[in-house]
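This briefing covers aromatic ring pairs and a charged surface patch. The sequence and structure come next.

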Amino acid sequence: MPLGLKPCCAVCKTNSSSMWKKGNQGEILCNSCTGKSSSGGGVTGASVSSNTQPSNGGGKQSKQEIHRRSARLRSTKYKAPASEKKVSTKGKGRRHIFKLKNPIKAPESVATIITSESVFYKGVYYQTGDVIKVTDEEDGKPYYAQIRGFVQDQYCEKSAALTWLIPTQASPKDQFDPGTYIVGPEEDLPRKMEYLEFVCHAPSEYFKSRSSPFPTIPIRPEKGYIWSHIGPTPAITVKESARASWDHDLALTTELEKAPKLIRTATSRACYLHEQADLLHALVQTWPLPELNLQRLLGKTVDCQLDLTSRTCRLCLNAVLTGLKDYVLHPPTTYTKSLHVVDLTALKDIEHQACPCQFTMGRWARTHLLTQMCYETMVAMQESNVCPSAFETSIDVRLNGFVTGRNYEVVAQAFLLLRYCPLKLRFVGFRADSLALKQLFYILRLAEPELITKLEVVHNVPLAAAHLEVLLSRVQFSKLQSLTLPAGTLDVRRLGSDDEDLLATIGKLLAQVTSLTELSVGFSTLTGHLRRLLNPLNTPLQCLELANCNLNRVDMTYLANSLHSEALVRLDISGHDIFGAFSTSFHKLLSRCSNTLASLALEECAIEDEHLDAFMQALACCQALEELKLLGNPLTSAALLRLFSMLSTRFPKFKYIEMPVPRDCYPEEVTYPLDDLVLLRYNKEMFQEVRNQLMGILTGAGRGSVEVCTPLMGAYDPDINETSNELGVSMLKSFNSVIGNFIGTISDVDTRRSQAQKK
């Protein structure tokens with residue numbers, strides 16, 4: 001019992017009952033004694049006599065009734081007595097003589113209660129008429145009730161008065177259906193809020209209106225109530241409701257603040273799907289939860305299997321980020337601001353966007369806009385009318401950042417203001433392109449590298465092996481899981497006699513990063529030195545890219561026998577003549593990683609028809625294979641037909657293949673590897689005919705869902721596509737620099753020759 005003493009039946013003296021009632025004289029009766037009282041009239045008199053004791057000719061109430069009457073009838077204000085007794089001042093000091101009033105006794109503390117029509121309890125906004133669930137301790141079954149009102153005592157303990165809802169034969173057992181319940185008895189004693197579990201909102205007269213003999217008219221408009229089946233709800237219902245009822249209506253912001261968390265999340269998903277930017281902005285601005293995670297908000301759920309994380313809609317993402325800024329600057333909608341973490345790392349950039357506007361916001365644009373929001377927030381906080389809560393707000397914004405020379409200044413400025421800005425940038429993934437070495441080192445130190453899990457340094461960053469050693473020794477990447485290095489970073493041809501142990505030193509520094517499981521060193525020359533780089537690592541690599549690294553038989557033998565071979569999930573050894581240089585080691589490598597290998601890239605590996613039997617034999621043990629990339633290999637259409645027949649029957653998890661253009665589709669004089677000039681000079685009609693035959697094999701085996709493509713110009717890279725203009729300008733500058741150095745060298749040689757001839 002939330003208020004007063006523990007209830008006790010005045011007749012049978014029991015302390016437990018499913019329901020408590022009051023008798024005609026105000027005594028407390030249990031449910032069984034209430035039934036006896038209604039059937040006969042003797043119980044009331046017995047209860048009264050049991051609660052009264054004659055004393056001096058009058059009735060004296062029990063302690064329990066005295067407490068309840070004092071809580072309801074006695075005034076909390078002190079009333080001075082009618083006459084005050086004069087106190088003798090003889091022997092008293094001056095301070096006592098000049099006191100205006102005689103000392104009085106402090107009034108006795110009296111319990112008071114406050115009633116209300118709504119309360120906020122443990123993050124949920126309860127209203128009169130809400131449906132709640134109570135679980136019985138004995139049988140563990142749920143019982144439903146409707147809230148009639150709320151009570152709060154002097155200790156701020158909140159309780160609710162309930163009206164029980166009785167199920168019918170049509171009521172489902174696993175969920176609550178409002179239309180199948182009828183109104184039951186009303187409880188006089190309130191129950192604590194900690195025992196109540198919120199189910200749904202409902203109008204106050206919803207259940208009574210069906211059985212009441214007179215029409216019920218609400219005393220005020222009842223808006224914003226949402227009630228439905230509890231359990232798996234089709235997401236399209238919520239989407240259509242949001243689109244029909246809340247289309248561009250910012251006046252409902254106050255109603256959104258009252259919406260349950262589950263409904264708010266579903267509404268946010270619906271707004272993102274239908275590009276309702278204004279409402280999405282309002283939802284983020286009044287977000288009541290401690291975390292805003294786009295993976296939970298847009299990812300697949302039990303109700304909706306549609307994954308929206310690949311829809312990087314510019315309109316919606318702009319609404320989310322600007323709403324985040326307004327969340328900081330505006331006063332809180334509840335007692336305090338609860339949002340502390342915003343996770344944007346789930347967003348995936350793909351080639352074909354499904355959003356209606358067809359305008360996307362890539363990784364670089366998201367980084368640039370978010371850094372701008374940080375700067376604008378700091379500027380707005382300098383104004384005099386800013387909300388004081390903005391200075392107490394701290395929100396970690398996690399994202400995969402992309403820094404180039406074009407947005408370097410803005411990102412660096414945002415990191416410099418990190419201590420004072422409420423929006424704290426946290427780069428989980430870091431991609432750097434078109435940066436000078438000084439800029440790369442500086443921005444990495446500012447970006448809190450101990451939080452970075454994926455580091456990509458690509459293309460136009462002049463990072464050499466000596467620079468990498470300095471980077472790994474000066475900067476601590478304690479959580480780094482994936483590392484990608486630009487082409488030519490590890491080139492053993494550039495190492496002098498003093499740098500023989502440089503690769504071993506880099507390997508030891510990488511070994512200190514115990515969480516590292518992915519390493520990409522494509523287009524680096526590692527001939528005979530792969531062991532020095534990978535042997536110090538204590539954690540086996542799961543993803544390894546060694547494309548065009550000029551590996552020899554010694555390197556491949558080490559890789560096939562290393563600890564990494566049994567843990568590889570993704571392997572790329574493109575650009576190597578695997579059957580001409582190390583066929584035995586290749587076969588052993590695939591047998592060692594057969595239980596884990598899911599993706600294998602063998603582009604331009606000189607795999608011909610004569611190698612097909614050995615290749616299929618080596619590939620047969622990899623039953624977990626999902627992806628296979630074979631571009632640039634001189635395989636004929638007959639060999640591809642045999643290969644597809646095996647792939648369609650022996651690999652149950654197979655999903656994706658990049659097939660080469662058959663050798664017989666090119667002219668006979670063409671040689672491999674293919675030059676860019678002849679890459680697209682093939683018989684397209686013949687290629688389409690062969691492709692149809694290959695797809696027929698997959699369809700006939702029930703594997704029509706396997707994706708088959710031939711990206712001759714390279715697979716789609718969203719980051720390169722977004723910054724292609726900047727990348728092209730940077731490449732032109734590098735080309736001009738190389739040409740200028742070359743011309744300068746020739747001029748110097750000519751000058752020296754002319755001077756030598758004159759002598």
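In this predicted model, the structure contains 11 aromatic pairs. One of them joins phenylalanine 415 and phenylalanine 427 in an edge-to-face arrangement.

**Aromatic pairs**

- The ring centres of phenylalanine 415 and phenylalanine 427 are 5.1 Å apart, with 80° between the planes.
- This pair links distant parts of the chain, 12 residues apart: phenylalanine 415 belongs to helix α13 (residues 408–416), and phenylalanine 427 to strand β17 (residues 423–432).
- Both phenylalanine 415 and phenylalanine 427 are buried.
- Phenylalanine 427 also forms an aromatic pair with phenylalanine 430; this pair is tilted, at 5.7 Å centre to centre and 55° between the planes.
- Phenylalanine 427 counts as buried because its relative accessible area is 0%, and buried means under 20%.
- Phenylalanine 430 is likewise buried, with a relative accessible area of 0%.
- Elsewhere, Tyr144, Phe176 and Tyr181 are linked into a cluster by ring pairs.

**Negative surface patch**

- Asp577, Glu608, Asp609, Glu610 and Asp664 form a negative surface patch.
- Glutamate 610, one of the patch residues, lies in the loop between β23 (599–601) and α21 (612–619).
- Glutamate 610 has 62% relative accessibility and therefore counts as exposed, the cut-off being over 50%.

Methods. Residues are numbered from 1 along each chain as its sequence is written. This is a predicted model: local features need pLDDT of at least 70, side-chain atom pairs count only at pLDDT 80 or more; totals for chains, interfaces and linings use all residues. Side-chain values use heavy atoms; hydrogens and water are left out. Patches are made of residues with over 30% relative accessible area and no salt bridge: like charges are joined within 9 Å, nonpolar side chains (Val, Leu, Ile, Met, Phe, Trp, Tyr) within 5 Å. Accessible areas come from the Shrake-Rupley method with a 1.4 Å probe; for residues, only the protein chains shown count as cover. A salt bridge is a side-chain nitrogen of Lys or Arg within 4 Å of a carboxyl oxygen of Asp or Glu. Lys and Arg count as positive and Asp and Glu as negative; His and the chain ends are not counted. The place of a charge is taken as NZ of Lys, CZ of Arg, CG of Asp or CD of Glu. Helices (H or I, at least four residues) and strands (E, at least two) are DSSP runs, numbered from the N terminus. Buried means under 20% relative accessible area, exposed over 50%, partly exposed in between (1.4 Å probe, protein chains only). Rings of Phe, Tyr and Trp (its six-membered ring) pair if their centres lie within 6.5 Å; planes under 30 degrees apart count as stacked, over 60 as edge-to-face and the rest as tilted.
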